Amino acid sequence: MLRVAVPNKGTLAGAASEMLAEAGYRQRHEQRDLTVLDSTNDVEFFFLRPKDISIYVGSGELDLGITGRDLALDSGAPVTERLSLGFGGSTFRYAAPNDREWTVEALAGKRIATSYPRLVADDLARYGVQAEVIRLDGAVEISIQLGVADAIADVVGSGRTLRQHGLIAFGDSICTSEAVVVERAGSDDDVTRDGQDGNGQDGDEQDEQAKAQLVARLQGVVFAQQYVMLDYNCPRELLDEAMRMTPGLESPTMAPLADERWVAVRAMVSRKAAPAIMDRLAAFGAKAILSSDIRACRL
Ligand SMILES: Nc1ncnc2c1ncn2[C@@H]1O[C@H](COP(=O)(O)OP(=O)(O)OP(=O)(O)O)[C@@H](O)[C@H]1O
Ligand SMILES: O=P(O)(O)OC[C@H]1O[C@H](OP(=O)(O)OP(=O)(O)O)[C@H](O)[C@@H]1O
Ligand SMILES: [Mg+2]
């Protein structure tokens, strides 16, 4: 049975569960449930604090976990990323009152509040800067005006919270994060070619297959969210140009219409590029241009 950790609260929780559900896995109906058994897929899900997930996966107790890259790094647990999930995007930045210019070097001797003390300590060490790191659980942006810190290091999404508190980000981004699937570091190496692990035990090959299946299904949902399916009718004499505009993955599907002057074309295009491509297709003479969501795929 595959054992998978999923965030139980916070920014990543909703999207992580939705993605697993879209990939065909059973998810919890009650917010307070800590486990869900999906017997159809032979997977048990554990709903844990996102900060703790890498600890469980790194210890080998759980096979895979969904967490933030920044949280995984801060945990110091021996995990590696298996897949990026394309949501929960953020940067991790130093910030301080915007009434003066700041540099990382200027943090020497200062108090820096953060919920990610290891990320910050490692980054300061890279700069050779000695400062006091003050660990807080959240609402870090308020700590300066409350007098416990001179600067902060925190997650920045839209930047709204920093602005609201008169703070400005400075220095290079310490980490660029998104939701990721993690596994124990070196877990690939544990399985030898005949499916025996380092201790000569069976069953690891099966576990690896179950992991690979879950990862492939999630990858299918990530791809699906990044693409749309475009359908349109194209005048036959413009087909070559249409192929160039919507080359699809291998090549577009084309089907003759009852009216011989027209051909139906179908191709996947990147979601971001779709509106501009639709504008160009319309300007160039295509008709009935439809864009539809793809829910899951294998490419
Ligand atoms: N505003 C945001 N925009 C994008 N990603 C965010 C944002 N806030 C947090 N994250 C990401 O979510 C993860 C943190 O999740 P976590 O649940 O621990 O904290 P949270 O969402 O702040 O919830 P809480 O602090 O209330 O427990 C990190 O990977 C972080 O980068
Ligand atoms: O740049 P923004 O879009 O404003 O988002 C950034 C804020 O979001 C998160 O806070 P959260 O709401 O999780 O509260 P917390 O500080 O208690 O963790 C993060 O810790 C920042 O405070
Ligand atoms: Mg938070």
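Four strands make up an open sheet, lined up as β13-β14-β12-β15 and paired in the antiparallel sense. Strands here are DSSP runs of E with at least two residues, helices are runs of H or I with at least four, and both are numbered from the N terminus; two strands count as paired if DSSP finds at least two bridges between them. The edges belong to β13 (253-256) and β15 (287-293); each has a single partner strand, so one side of each is left without a neighbour in the sheet. From one strand to the next, the twist averages 15°.

This is a predicted model, so local features need pLDDT of at least 70 and side-chain atom pairs count only at pLDDT 80 or more, while totals for chains, interfaces and linings use all residues. Residues are numbered from 1 along each chain as its sequence is written, and chains are lettered from A and ligands numbered from 1 in the order in which they are written.

Back in the sheet, β12 (residues 227-235) and β14 (residues 262-270) run antiparallel and are joined by nine bridges. One of the residues involved is C234, whose bridge partner in β14 is V263. Helix α8 (residues 274-284) packs on this sheet, touching β12, β14 and β15, and its direction makes about 165° with that of β15. Contact means C-beta atoms, placed from the backbone, within 7 Å; angles run from 0 to 180 degrees between N-to-C directions, with axes fitted to C-alpha atoms, for helices over the stretch in contact.

A second sheet is open too, with five strands in the order β8-β7-β9-β6-β10 and mixed pairing. Its twist averages 25° from one strand to the next. Three bridges hold β7 (residues 111-114) and β9 (residues 151-156) in parallel, and I112 has A151 as its bridge partner in β9.

Now for the inside. The largest nonpolar core has 50 residues, and V4, A5, V6, V57, I66, L85 and L218 touch the most other members. Domain 1 (2-87 + 179-187) and domain 3 (227-293) both give residues to this core, so it lies between them; the domain bounds come from an automatic or database assignment. A nonpolar core is a set of buried Ala, Val, Leu, Ile, Met, Phe, Trp, Tyr and Cys residues joined through C-beta atoms within 7 Å, where buried means 20 or more other C-beta atoms within 10 Å of a residue's own (12 or fewer is exposed, in between is partly exposed), with C-beta atoms placed from the backbone.

Key:
Contact = placed C-beta atoms within 7 Å.
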